[in-house]
Amino acid sequence: NHPNYDGRGVIIFIFDTGVDPGIAGLQTTTEGKRKIIDVRDFSGTGDVTYVLAERAGDELRVSGKTVLRGMNAIDAKPFDGRYYFGALNEKRFQNGLGDLNFNSSDTDVFGVLVFMDSADHYAAFVDSDGDRDISNEHKVTNYHEHYDTFLFHSTDSAASSGKRLTGAVNIYPDRQIVSIYFDDGSHGTHVAGIASGHNIDDQTGFNGVAPGAQVIAVKFADNNAGGVTVSGSMQKAFELAAETAKTQSKPVVVNMSFGIGNELEGQAAMDKWLDSLLAATPNLTVCVSGGNEGPGLSSIGLPGSANRVIASGAALPADAARDLYDLYLTHPVIFDFSSRGAELAKPDIISPGTAVSTVPDYVAGDRYNGTSMSSPYTTGCCALLLSAMTQTFPDWKVNAYAIKRSMMLSAMHIEGATPLDEGYG
């Protein structure tokens, strides 16, 4: 009845392994606007420290050693006359994706030229194929400025089967760091498509829940260590979302498909800190996966155990059971892995815990299961409700508690489930 209530006017933050901004389905909203409007990396995974370099004709040198060639072919004229060089080494990723440019070698080094292209503004050239020649590269600036990206790739596309990894940069001259952003885990890209994908796989009408929403993608997990967060990265991500909610008019929803097991549910320092932050930011809605530690009781992970977030468990819908598993069900069922409540009145609600969605080019499978998939379904639903409310009642003041209550009180009971399994349904 209301096709415009599709998430437009809402910003969704995806806190995850990163989101690939070059994938079909994550390019535009239903209005033709840019889907991913900013990317940040708080994990430090792609941080590259750069140092002063010197140009010698076609070469860039550091301490007399040639580090890059191809300078004559690119437009790099420093405003202050200074060139800088840094390098991203594949050895850093040996416990993760390993081969960033898919050339069957995990020892490549990707040089980065950094320079001031205008007063107090910096740009970069990334040697995206690792051949130490930037004559075939293009200039990139901070992603949010012009949505610049580049592609990690092999010089032999046949050998790499055409696999590519999209990268972007953020340059921090005060720290002499260029942060190279990419999704080397695929999890975040999949989650983003569930929440807000539009024309996934270039198929018209194959959408996520809120295809009209825009996305800010925050990488806060280190994929080289199994996707765990690093010191302070979760807090930095939430602080950015809270600041965004406070400083601009669009409603903001966070999806965090991530959790850690609790010893005492609801008593973790992160739970208490997050509840405090959300109390001070009442217009910020946060959705979190409940965890995949079920079916035992009291298995909700943090920060899904925080009071003010919406924690989602995972259901297998009847149509998905039929299409994916050849099971004919009369009603949805709770996935056995979905974490249950007991010490806390969690999960809050249940959403579908299986989905086909966007994945980076280098990933073969595009269907994942887990409460990681449930949470972005819930996030998308919150975005739809916020989109509808702000269009229908322009003077309405966004209230995350009202959104959470609306989601819970409109949920439907799943036959055979208890409140410890399904929350409100």
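Let's start with a strand pair: β2 and strand β13 (residues 214–219) run parallel and are joined by five bridges. Strands here are DSSP runs of E of at least two residues, helices are runs of H or I of at least four, both numbered from the N terminus, and two strands pair if DSSP finds at least two bridges between them. This is a predicted model, where local features need pLDDT of at least 70, side-chain atom pairs count only at pLDDT 80 or more, and totals for chains, interfaces and linings use all residues. Residues are numbered from 1 along each chain as its sequence is written, and side-chain values use heavy atoms, with hydrogens and water left out.

Within that pair, Asp-38 has Ile-216 of β13 as its bridge partner. Strand β2 (residues 36–41) has five of its six residues buried, so the rest of the structure largely encloses it; buried means under 20% relative accessible area, with a 1.4 Å probe and protein chains only.

Now, the helices. The axes of α3 (residues 233–247) and α4 (residues 269–280) come within 11 Å and cross at roughly 10 degrees; axes are lines fitted to C-alpha atoms over the stretch in contact, and angles run from 0 to 180 degrees between N-to-C directions. That makes α3 roughly parallel to α4, a label for angles under 35 degrees, while 65 to 115 counts as roughly perpendicular.

What about α6 (residues 371–392) and α7 (residues 400–409)? Their axes come within 11 Å and cross at roughly 115 degrees, and these two helices are therefore roughly perpendicular to each other. Thanks, everyone!

Conventions:
Buried means under 20% relative accessible area, exposed over 50%, partly exposed in between (1.4 Å probe, protein chains only). Angles under 35 degrees count as roughly parallel, over 145 as roughly antiparallel, 65 to 115 as roughly perpendicular and the rest as oblique.
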